[in-house]
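Reader: Could you walk me through this model and tell me what stands behind the terms you use?
Author: Gladly, let's take a look together.

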Amino acid sequence: MAVYRFRVAFEDYEDVYRDIDMPAKGTFLDLHRQIHKTTGYNPEVPSSFYVSNDQWKKGTEIAHLPAERKKEAGVLIMEDIRLSKFIEDPHQKFYYIYNFDRPYDFHVELIKILKEEEGKEYPSVFRSVGQAPKLAPAANFPLSEDLEDEDEDYIEEESAEQYGVDEEDDYDVMEDEEEEGEDEQQEFGFGEDDY
């Protein structure tokens with residue numbers, strides 16, 4: 001059986017990372033839980049992996065404890081999806097958001113494919129570097145459970161009137177000023193060639 005070695009790094013704390021060995025038949029939920037065994041964070045909060053490219057652009061979402069809206073939209077669920085289903089590249093990347101209420105973002109990259117060692121239990125932590133930052137304190141106001149999509153839902157149409165300009169206005173104000181400037185140059189006896 002193949003074993004995937006993932007490097008899991010905090011996006012904002014690049015010197016804090018974990019190298020985790022996962023069996024290819026393991027699920028995204030197994031990886032999620034293993035990450036938080038090493039951070040000490042509660043794994044039972046809404047979180048998601050996103051299949052990513054080399055620029056960490058988020059693609060297909062694989063969620064844990066998704067909001068009802070996401071379930072209705074048919075989001076993939078971590079416990080149902082094996083890691084091997086989305087390993088298409090020897091350096092496959094996943095963007096991972098832990099806890100949408102007070103999120104931490106992670107970069108998860110496949111760094112090596114190994115053979116299973118006899119007698120070794122998986123998943124396992126191969127290397128642990130740096131201390132996980134303390135979780136942010138709870139906010140004093142309710143947070144949206146779909147915080148990550150908030151900006152996408154609000155699009156305001158812009159109109160010219162909003163900025164105090166009517167579309168019917170003639171835009172020859174600048175032309176009038178240019179003509180006045182040319183008259184002044186001729187009046188004082190100098191033109192463009194004199195500069």
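Predicted model: local features only at pLDDT ≥ 70, side-chain atom pairs only at ≥ 80, totals over all residues.

Reader: What makes β1 and β2 a pair?
Author: Two strands pair if DSSP finds at least two bridges between them, strands being DSSP E runs of at least two residues, numbered from the N terminus, and helices H or I runs of at least four. β1 and β2 have seven bridges, in the antiparallel sense, so they meet that definition. Ala 9, for example, has Tyr 17 of β2 as its bridge partner, and six residues lie between the two strands of this hairpin.

Reader: How do you know that β2 and β8 pair?
Author: By five antiparallel bridges between β2 and β8 (residues 124–129). Arg 18 has Ser 128 of β8 as its bridge partner.

Reader: Why is β2 called largely enclosed?
Author: Because seven of its seven residues are buried, that is, under 20% relative accessible area with a 1.4 Å probe, protein chains only (exposed is over 50%, partly exposed in between). Tyr 17, Asp 19, Asp 21 and Pro 23 are buried on one side, and Arg 18, Ile 20 and Met 22 on the other.

Conventions
Residues numbered from 1 in each chain as written. Heavy atoms only, no water.
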